Structure formats: structure tokens, C-alpha cells
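User: Hi! Could you walk me through the strands and helices in this one?
Analyst: Happy to. Let's have it on screen before we start.
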Amino acid sequence: MQSFNLKLPKLEFGAGKIKILPNIIKKYGNSVLLVTGERSLQDSGLLSSITSEIEKQGISLYHATVSGEPTPELIDSVVSDYKNKNLSCVCSIGGGSAIDTGKAVAAMLKEEVSVINFLEGVGDKNPSGKTLPFIAVPTTAGTCSEATKNAVISRVKKNGFKKSLRHDNYVPEVAIIDPVLTLSCSRSVSAASGLDALSQIMEGYVSTKATPFTDALAIDAVGKILKALPLVCTTRPEDINLREDLSYAAFISGIALAHAGLATPHGLASEIGAIVNAPHGLICGNLIAPWVEKTINKLLVANNQEGLNKFLNIARIICGETEKNKETLLNKFIKELYLLAKTLELPSLKKYEFTENELKHIAEVSGDKNNPVAFTTEERLQILKITLK
């Protein structure tokens, strides 16, 4: 059995839990930096009611917004703006970009140099681990930053990268997961977020670093995503029970990736995200089916029963248990994953117009992390080209 440890936030989960946010902030003091996206929370009408309730507690509230995935320059700018405000805590309400921004800002308010110095594979310093208390309130079900110890910081195109600021102390103090907040998500956001969670949880489940702990959580959550996501994105977008399942599964995907690691799709996605400004969930969603297909085929050739059994467990959830022939069941599973992307009307990555050299570079440098099989550069390139069809 793999050895493991746990570092999790205090979790508040359930419809209507957003109401407790002011009291949680108050526990840390009388001033808060609220980090949100630029428009979605405001357009939904939730921002004004949330800020009003916070201010009723006598809390001084500062507000920063983020558009797109956070860059080093954005983090440094926000830190500079609020360094001397005597903040008690930082709270992010939004998708993964808002939460990653808040997490990084809370940490960098305790450091004296740019965040770029602490990014894995980019900087040459280790973060001290000092941070302001950080509260994460996701409004999408998928990115799972509310459950992890890292914040993803990007720079696109020239000298591009997508790297993590990481420390055990950066796990949020509190995560408030209120599925009601996801009801205003568009179909495209719900689909991309859900597929990001599906990718994370499947990668964690089949990871070579998986443990019985992560396996038990992951296999249940995989089923919730596979059953709820198509309905939320088609006929039942207002079904709070389905939204609860997705929000729960997204949180579990964070536990899986934090404690079992990720595999080939997220290795590829990080390198893609350094070259084009495509939504992370869209990238991962396009990679799931071809990654599963290639991985299963290599496991079959190698007669790797342990790895195949993991995929068979997922296949039985999505396809049922009536098919006794294992290879037939696995082939049905692969077809269902391709069909899922079509059902969700997931756009391909074709519009981003990668050059052949860019694709080769992604395939060469991405690696396979904790994948149950190792791919050659050419095999990773084949996976990428499927996403461009």
C-alpha cells in the first residue's frame, strides 16, 4: 500500500452554505480582500447580496477582480495594491482562476519578492509557507482548487509556462461549497468544468500513486460525474441534486489529484495552456477519450491486469455490467467517452491552430507523470492530433 498523508480544508458543504461566509470571515478579523471574476458573480446578482452581508458584520471589504487565468503580473499587482491594508484574510468566490488568484495573493502578501520566484520549474526559491488565512468559495464544479495546496499561474505564448505555486500551508483554511452558486453557470462552463473534474478524478484513480483511500473516494465520484454531467448540460440544468453531485465530485477530484497525482492529460494540458489561451477544462475534456483509448491499448498489449482493472471498474459504471467480455466492455467505454464530448457539444482544439512544431514541443516536454503506462513522444503527439479533428 502506498504511504500517504492528508491535508484538507475545513469543509462546509450544502445548498445555502454561502450564508455562513460573513461569520467565517469574522473569525479571522475585521478586514477581508474579496477576489472574484469580473462579471459572472455580479451579473447573477449574488455579489451585491454577499458583500452587503459581509459589511453588516462590520468587516472592511476590499475587492479585486480577475479575468482569465492568473499571471505573475496579476498576482504581483494585487499584492502591491493590498500589501499595506492590514488584511485579516483573503476570500475567493468564483471559478478556478479566482480561487488560484486568491490563494496566491494570500501567500505572496507574506513574501517580499515576485511570485515568479516561487513557481515550480521557473523560479529558484522555495516559498516560506507563510500565508494569510484563505477561504475558497467555488462557483463552478470542476477546478477543485478549493481542495488543493497549489495555485496555477500562467504566462501564454512567448516564454510561456503554466506552473504551480505550491506549499502544504496553501490548502485553504475553509472551503464553502454551495451547489446553488453553480446554477448560473452556462452550459459550456458546466461542461468544461465537469470534464476537468472527470479528467482529474480518472487520472488520480488510475495513477501509479493511487492509494486505497483515494480509490474509494474516486470511484464513487466518477459515477456521480458520469451520471449527472450530461443531464445538467442538456435537460436538467436547474436540478440542484445533480448540481450537488457535481460539486461533491469536483471536491473529491481535488483530493484525488492532491494525494494520488495526475497523469498524461494534465501533463499535456499544462504545456498546451502555455501556448494558447484556451480554457483548461476545454483542453482536458478533449484529451480524456484519446488518452483513455491509448492507455487501454498499451495496457492490453502489456497484459497489465492491475491497470486494466481500474479502467474496467469505471467502464462498468458508464456501460453497465452486462458485458462479460473485458475487451468488448473497454471498447464500449472508449466509445462512450467520445460520445460524451459530443453530447456536451465540446468544441475541439482545432480553432487554436497549433503549428506542427508547437505540437511536437508539447509532446516532447509534457511527460506522463503517474500514468499507468509510459508513452513515446510520437504516441503523445497522436493523442494531441485527435483533439484537433
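This is a predicted model: local features need pLDDT of at least 70, side-chain atom pairs count only at pLDDT 80 or more; totals for chains, interfaces and linings use all residues.
User: OK, and in what sense do β6 and β7 pair, parallel or antiparallel?
Analyst: Antiparallel, over six bridges, with β6 covering residues 150-155 and β7 covering 161-166.
User: Which residue in β7 is the bridge partner of R155?
Analyst: That's F161.
User: Nice. Switching topic: what is the strand order in the open sheet?
Analyst: The six strands run β1-β8-β5-β4-β2-β3, and the pairing is parallel. At the edges sit β1 (10-13) and β3 (60-66), each pairing on one side only.
User: And how are neighbouring strands turned against each other there?
Analyst: By 15° on average, ignoring direction.
User: Can you zoom in on β5 and β8? How many bridges do they have?
Analyst: Two, in the parallel sense, between β5 (residues 134-138) and β8 (residues 174-177). A136 is found opposite A175 of β8.
User: Now the helices. Which strands does α1 lie across?
Analyst: Helix α1, residues 21-28, lies across β1, β2 (31-37), β4 (89-94), β5 and β8. Its direction is at about 165° to β5.
User: What about α4, which strands does that helix touch?
Analyst: Helix α4 (residues 72-82) packs on the sheet and touches β2 and β3. The angle between the directions of α4 and β3 is about 160°.
User: Great, thanks!

Conventions: Residues are numbered from 1 along each chain as its sequence is written. Side-chain values use heavy atoms; hydrogens and water are left out. Two strands pair if DSSP finds at least two bridges between them. Helices (H or I, at least four residues) and strands (E, at least two) are DSSP runs, numbered from the N terminus. Axes are lines fitted to C-alpha atoms, for helices over the stretch in contact, and angles run from 0 to 180 degrees between N-to-C directions. Contact means heavy atoms within 4.5 Å.
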